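Please load the model in a viewer and keep the sequence panel open beside it.

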Amino acid sequence: MIAKIGKAGANTRGLLKYLYDTVRAKDHTDPHLVAAGVDGFAPDPGRHEADTLARLAAILDLRVKQAGDRAPDKHVWHCSVRAAPEDRILSDEEWATVARRVLNATGIAPAGDPDACRWVAVRHADDHIHIVATKVRGDLSQPRNWNDYLRADKELAAIEKEYGLRQVVRGDRTAAKRPTRAEQEKARRAGHATTARERLSTHVRTALTAATSTDEFFHILASTEVLVEIQRFPSGDVRGYKVALDGDTNKDGQPVWFSGSVLAPDLSYPKIAERFTDAPAPTLPQPGRRRPAWQRVTDATDRIPDLLTRSEDGDAQAHIAVLAETLDALPLIASAHLQPQLMQAAAAFERANRSRIRARHEQAQATRRAVKAIVREPAPKDAAALAIMLDVIWLAVIAARHWHQVRQHDQQAEAARQTAEHLRAAYQQASAQPMAVIVQRGQRLTVQVQQRQVTILRQVLPELAEQILAEPGRPALADTQAAGHDSAVLLTEAATRRELDTATSISDVLVWRLRHTADLPTADNPETPARGNRPASPPAPATQPTNRTTNGGARRR
């Protein structure tokens with residue numbers, strides 16, 4: 001069930017007239033009262049004479065008139081409650097109970113309070129009701145209905161469980177504000193699939209992913225189609241910023257500005273500055289010893305599921321935030337045919353990135369530096385690198401979903417689920433060519449090597465072995481053994497670290513996990529033997545970026 005509480009109004013009769021209208025509102029059928037709290041009989045305009053609507057409005061407004069100047073100017077409280085499409089049709093008596101419980105929870109009409117506000121509940125469709133109340137109590141004071149939406153939503157969550165209805169995904173007020181209807185219409189007229197607000201949010205997140213300082217963040221942002229205006233305190237310190245799309249103007253021809261906090265809570269200047277505050281200064285690379293950024297990001301992301309399990313909540317939230325930055329970076333470096341799915345994955349995970357838990361960003365700075373480095377380094381020639389990376393990121397997203405579920409972050413968990421679906425689609429596209437290379441190489445191995453792999457499969461994964469052996473990708477598993485690694489050890493580790501129940505191809509999943517664990521390239525030439533390439537020394541920090549930084553007023557490309 002979903003409650004929608006509108007802005008307070010001043011016309012009780014006008015609202016009732018709309019609720020009972022069946023001429024202009026074609027979807028209104030059989031409007032009638034299901035419950036009322038008016039200290040006596042409540043005439044029902046849906047069941048009685050034409051003048052009944054005026055009489056009902058007068059009954060609801062009685063205390064408003066009695067209060068005179070003490071009554072609020074906007075005295076009409078309006079709440080609609082809607083069931084999910086798949087829910088059963090509730091009876092009038094059940095809807096009456098829902099109305100009373102919502103009114104009690106919000107403080108408009110507490111149960112057993114003789115001075116509660118006057119109200120009625122109107123039903124003009126099978127799936128929802130409208131509750132109308134006037135905000136003057138019997139003692140002519142106003143009700144204490146602060147935070148009424150959250151309290152109504154909490155009560156509806158309990159009602160869903162008790163009535164056996166669909167349990168709706170609920171938020172924690174950390175979601176970005178949705179574009180208004182006017183913004184959506186403006187985008188449609190201009191031929192854009194997304195609104196200016198949404199495009200600006202993408203630009204800001206992309207710049208944030210690439211930047212290594214706030215100055216560079218503003219510089220990267222201003223080098224695109226975005227206008228940037230930095231706001232400062234009298235001391236000269238940055239107070240905030242606002243952005244606008246070049247060419248997006250209001251009726252007066254002025255840019256339509258959005259502050260970072262309006263785009264999303266985590267895009268405010270203080271939140272952005274937090275990400276750079278504890279970042280150590282990058283050092284120069286050490287030739288011959290530095291592990292490529294793609295591999296460093298893959299390695300760091302591979303650790304996220306374990307970190308989410310054993311870290312404190314603030315640290316875990318920081319790792320989820322840097323996972324979001326990784327997803328923001330992928331469309332910048334991936335092939336064009338993968339970008340649509342990756343962009344959708346990044347957009348979906350934006351909601352999973354935030355919760356009420358404050359992220360301790362200093363715990364994820366090493367991963368963040370690696371993420372920023374991948375947009376500065378050439379894409380790897382090894383075709384399997386992206387497939388392995390997507391597989392590891394997919395696992396981390398699944399772990400993030402579980403982390404949110406445990407903490408009852410319903411919207412974030414749902415966003416992570418959607419992200420995983422987009423990543424799965426991108427992974428399937430990215431893995432096809434390198435997997436074909438590895439399978440071809442596996443098919444060239446001797447019968448003894450392949451038979452040894454069959455024996456190991458049946459020993460390590462007895463319940464899944466026959467299914468794996470029937471899959472087209474099975475020969476690729478033997479390639480690990482041919483590279484000189486202990487297949488039994490690697491296969492055991494791969495099976496325990498990767499859930500296999502939802503895998504389309506178990507052999508494909510195990511191949512990428514094995515190759516990442518053993519650090520094997522694809523060796524795009526099928527004749528080339530696979531060799532491990534993990535360096536013996538630890539990776540060096542990310543390189544110093546060469547981008548110059550600037551800040552100031554509005555700039556355009």
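Two residues are said to be in contact when they have heavy atoms within 4.5 Å of each other. Among contacts in the protein between residues at least 6 apart in sequence, 72% join residues at least 24 apart. The model is a predicted one, in which local features need pLDDT of at least 70 and side-chain atom pairs count only at pLDDT 80 or more, while totals for chains, interfaces and linings use all residues. Residues are numbered from 1 along each chain as its sequence is written, and side-chain values use heavy atoms, with hydrogens and water left out.

**Whole chain**

Next, colour by accessibility: of the 557 residues, 51% count as buried. Here buried means under 20% relative accessible area, exposed means over 50%, and partly exposed lies in between (1.4 Å probe, protein chains only).

**Aspartate 30**

Select the loop between helix H1 (12-20) and strand S2 (32-37), where aspartate 30 lies. Its phi is near 50°, a positive value in a residue other than glycine. With 44% relative accessibility, aspartate 30 counts as partly exposed.

**Asparagine 147 and helix H5**

Move to the loop between strand S5 (128-134) and H5, where asparagine 147 is found. Although asparagine 147 is not a glycine, its phi is positive, at about 60°. Its relative accessible area of 25% makes asparagine 147 partly exposed.

Now select H5 itself. The expected span of a helix is 1.5 Å times one less than its number of residues. At 1.5 Å a residue, the 16 residues of H5 should span 22 Å, and this agrees with its end C-alpha atoms, which are 22 Å apart.

Which residues of H5 are buried? They are Asp148, Ala152, Asp153, Leu156, Ile159, Glu160 and Tyr163. They cover an arc of only 125° around the axis, so they sit on the same side of H5; the arc is that of the directions from the helix axis to the C-beta atoms. Just after H5, glycine 164 takes a positive phi of about 70°.

**The second largest pocket**

On a 1 Å grid over the protein atoms alone, a pocket is an open set of points where a 1.4 Å probe fits, with protein on both sides within 12 Å along at least five of seven lines; lining residues have an atom within 4 Å of a point. About 580 Å³ of space lies in this pocket, a volume being the space filled by probe spheres set on the points, which are joined across faces, edges and corners.

The lining has 21 residues, of which Ala157, Val168, Arg170, Gln408 and Asp410 lie nearest the centre of the pocket. Helix H5 (148-163), helix H16 (384-406) and helix H17 (410-443) each supply at least two residues of the lining. H5 gives the most, with 7 residues. By type, the lining divides into 6 nonpolar, 6 polar and 9 charged residues. In this count, Ala, Val, Leu, Ile, Met, Phe, Trp, Tyr, Cys and Pro are nonpolar, Asp, Glu, Lys and Arg are charged, and the others, Gly among them, are polar.

**Arginine 275**

Select helix H10 (residues 269-277) and show arginine 275. Is this residue buried or exposed? Arginine 275 is buried, with a relative accessible area of 5%. Not counting residues up to four places away in sequence, arginine 275 touches Leu208, Asp266, Glu325, Asn353, His361, Gln365 and Arg368.

**Proline 305**

Proceed to helix H12 (residues 304-310), which contains proline 305. At 23% relative accessibility, proline 305 counts as partly exposed. Leaving aside neighbours within four places in sequence, proline 305 is in contact with Leu395, Ala396 and Ala399.

Finish at glutamine 363, in the loop between helix H14 (339-352) and helix H15 (365-374). Leaving aside neighbours within four places in sequence, glutamine 363 is in contact with Asp315 and His319. The C-alpha atoms of glutamine 363 and aspartate 315 are separated by 6.0 Å, although the two residues are 48 apart along the chain.

Note on methods: Helix = DSSP H or I, 4+ residues; strand = E, 2+ residues; numbered from the N terminus.
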